[in-house]
Amino acid sequence: MIIKKIIINLFGNKFFLILKKIKNYDYRFQFIKFFISNLYQLNLFFLYKFKFKSKYPFINNKYFCTKKIELEPSFKDQVNKDLKLKNYLFSKKFSLNHLIWNYPLKYLEEVQMSWGFDRKFYISFLEKNFDKDLKDFYQGKNYRVEHVWLYRNLPNSLNVNNNYHTDGDLPGAIKIIIYISDVDINSGPFSIVNNVTNEVEHILGNSGTTIFFDQKKLQHSGLPNKNKDRTVLSFLVYPSLRKKVNVSNQKPLNALCSLNPFTNYS
Ligand SMILES: [Fe+2]
């Protein structure tokens with residue numbers, strides 16, 4: 001209280017209010033995010049021939065599409081092994097490498113989230129199956145995988161992401177969701193509001209069903225799981241100026257993205 005009075009007397013109430021705001025983590029986060037977001041915009045500016053407003057990524061007018069691939073039994077075995085790993089890595093609030101956000105720890109209570117697996121294995125899988133699709137969305141440009149998530153939603157669980165929303169990722173982002181298990185209406189399917197028809201659509205499909213979406217534009221949610229579980233592999237990618245991108249072994253769970261959009265590390 002004494003310090004508060006001294007500050008107000010010396011510098012005025014306005015200055016004190018600014019200090020109070022800066023002390024608030026979310027406020028600082030939004031400020032840093034705004035700055036980093038401009039760097040990501042600059043990345044698009046260089047990628048797309050110095051255009052100020054890039055329309056990429058461009059999936060289609062609906063902002064999403066689906067594809068189906070066959071998953072090898074050995075791949076599913078590896079997923080089931082990796083689902084047991086819970087080597088959660090959290091970064092301190094300030095990192096020189098990543099934008100660190102207030103990760104909702106409640107999510108880990110609701111979802112069997114795996115962490116600490118071999119990221120290279122899953123990134124190679126993504127490249128092997130979808131390299132051309134991703135490059136098409138980015139008009140032939142390269143990309144880097146910012147995040148790989150592997151998780152299982154359990155039966156009779158509410159999904160914390162069950163309200164329709166768009167994500168606060170940075171310019172250029174695309175998300176990919178691959179169903180590892182068969183998903184019907186009882187398994188908490190991914191659900192979207194179709195941008196063209198304005199109707200709600202639930203994405204049902206067997207194992208190997210893959211959804212690409214522009215999460216900053218498409219209203220989406222995960223429905224609550226009824227009597228079945230759902231296992232999902234998901235990726236967050238950004239376009240990259242780099243020809244060759246190296247895969248980092250580990251990433252903090254609370255990293256929203258790399259601070260440097262020009263990085264050659266994924
Ligand atoms: Fe989301």
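**View 1. Overview of the predicted model.** This is a predicted model, in which local features need pLDDT of at least 70 and side-chain atom pairs count only at pLDDT 80 or more, whereas totals for chains, interfaces and linings use all residues. Residues are numbered from 1 along each chain as its sequence is written. The protein has 6 helices and 11 strands; helices (H or I, at least four residues) and strands (E, at least two) are DSSP runs, numbered from the N terminus. Its radius of gyration is 20 Å, close to the 18 Å that the globule rule gives for 266 residues, so the protein is as compact as a globular protein of that length. This radius is taken over C-alpha atoms, and the globule rule is 2.2 Å times the number of residues to the power 0.38. The C-alpha trace spans about 70 × 45 × 40 Å along its principal axes.

View 2. A residue is buried if 20 or more other C-beta atoms lie within 10 Å of its own, exposed if 12 or fewer, and partly exposed in between, with C-beta atoms placed from the backbone. Ile-174, Ile-176 and Ile-178 point one way from β5, while Lys-175, Ile-177 and Tyr-179 point the other way. The strand is joined to β10 by 6 bridges in an antiparallel arrangement, with Ile-178 opposite Leu-233. Antiparallel pairing with β8 runs over 4 bridges, and Ile-177 has Ile-211 of β8 as its bridge partner. Two strands pair if DSSP finds at least two bridges between them.

**View 3. The largest nonpolar core.** This core has 32 residues, and those with the most contacts inside it are Phe-64, Ile-178, Phe-212, Leu-233 and Val-237. A nonpolar core is a set of buried Ala, Val, Leu, Ile, Met, Phe, Trp, Tyr and Cys residues joined through C-beta atoms within 7 Å. Elements that give two or more residues to the core include β4 (142-153), β8 (209-213) and α6 (119-137). Helix α6 gives the most, with 6 residues. Not counting residues up to four places away in sequence, Phe-64 touches Ile-59, Ile-192, Ile-211, Phe-212, Phe-213 and Leu-218. Contact here requires C-beta atoms, placed from the backbone, to lie within 7 Å.

**View 4. Phe-130 in helix α6.** Phe-130 lies in α6 and counts as buried because it has 20 C-beta neighbours inside 10 Å. Its C-alpha atom is separated by 13 Å from that of Leu-236, 106 residues apart along the chain.

View 5. Pro-224 is placed in the loop between β9 and β10; it counts as partly exposed because it has 15 C-beta neighbours inside 10 Å. The C-alpha atoms of Pro-224 and Asn-153 are separated by 8.8 Å, although these residues are 71 apart along the chain.

Terms used:
Two residues are in contact if their C-beta atoms, placed from the backbone, lie within 7 Å.
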